[in-house]
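Morning, everyone. I have one structure to go through today, so let me put it on the screen.

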Amino acid sequence: RGFWTAWIYGMNNIAILDGGIEAWSANGNKLTTASTMVKKSNFIAKKFRNSNIKSLVDIESALVNKNVQLVDAREEKHFVGKDKDKRLVRHGHIPGAKKVSSYYFVKKDGKLFKIVTPAEAKAIFKKAGVSLNKPIITYCNTGHLATGTWFAGKFLAGAKNIADFDGSMYQYSRTTLPVVK
């Protein structure tokens, strides 16, 4: 989510640590619990990439515009409406959505969880029936998990038109719009 937020506000020099802090340590890099002084930055958000954010209005449009692909980034139990998430008023998925969980884009590598290759990311989308050449809107419960699928689509698989529905099922489940179980 941090990467997506930085990207939205115009940052370009950002990265994700493949394998997390465990990979950092496994590569012999040091960790510390000592306080550090952070240098003041001169970053000013001048560019807002709003095309990477979609709203409920965009989702309503996608329900009738079959050219726009909805991608649910949650686990199976959420997709089929068998979760117990109390934040949601109704459970299940948005009609027409394909399930492409954010968890699909990491794989176990020894004791580490590493990000899949670009070829693997493309294959994951293809297997789910998602075209990287058509508009894609990712969502989850709160918009956070979906940013992992957004990242994989945009930066690994090369999707040109991909965005995150930040309101996700938390917002959608409070409407009268259809939900599929």
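I'll start with helix α3, where the face turned away from the buried side carries Val-57 and Val-64, both exposed. Exposed is over 50% relative accessible area, buried is under 20%, and partly exposed is in between, with a 1.4 Å probe and protein chains only. Helices here are DSSP runs of H or I with at least four residues, strands are runs of E with at least two, and both are numbered from the N terminus.

Before going on: this is a predicted model, with local features requiring pLDDT of at least 70, side-chain atom pairs counted only at pLDDT 80 or more, and totals for chains, interfaces and linings using all residues. Residues are numbered from 1 along each chain as its sequence is written, and side-chain values use heavy atoms, with hydrogens and water left out.

Back to α3, residues 56-64: Leu-56, Ile-59, Ala-62 and Leu-63 are buried. Down the helix axis these buried residues fall within an arc of 110°, so they line one face; the arc is taken from the directions from the axis to the C-beta atoms. In general, an α-helix has 3.6 residues a turn, so residues three or four places apart point the same way. The cover over the buried residues of α3 includes β2 (69-72), β6 (136-139), β7 (162-165) and α7 (168-172), where contact means heavy atoms within 4.5 Å.

Now the whole chain. It has 7 helices and 7 strands, in the order α-α-β-α-β-α-β-β-β-α-β-α-β-α. The radius of gyration is 18 Å, close to the 16 Å from the globule rule for 181 residues, so the chain is as compact as a globular protein of that length. That radius is over C-alpha atoms, and the rule is 2.2 Å times the number of residues to the power 0.38. The C-alpha trace spans about 50 × 40 × 35 Å along its principal axes. Buried residues are 40% of the 181. Of contacts with a separation of 6 or more, 74% join residues 24 or more positions apart.

Tyr-103 is partly exposed, at 47% relative accessible area. Leaving out residues up to four places away in sequence, Tyr-103 touches Glu-75 and Leu-145. Glu-75 is 28 residues from Tyr-103 in sequence, and their C-alpha atoms are 8.0 Å apart.
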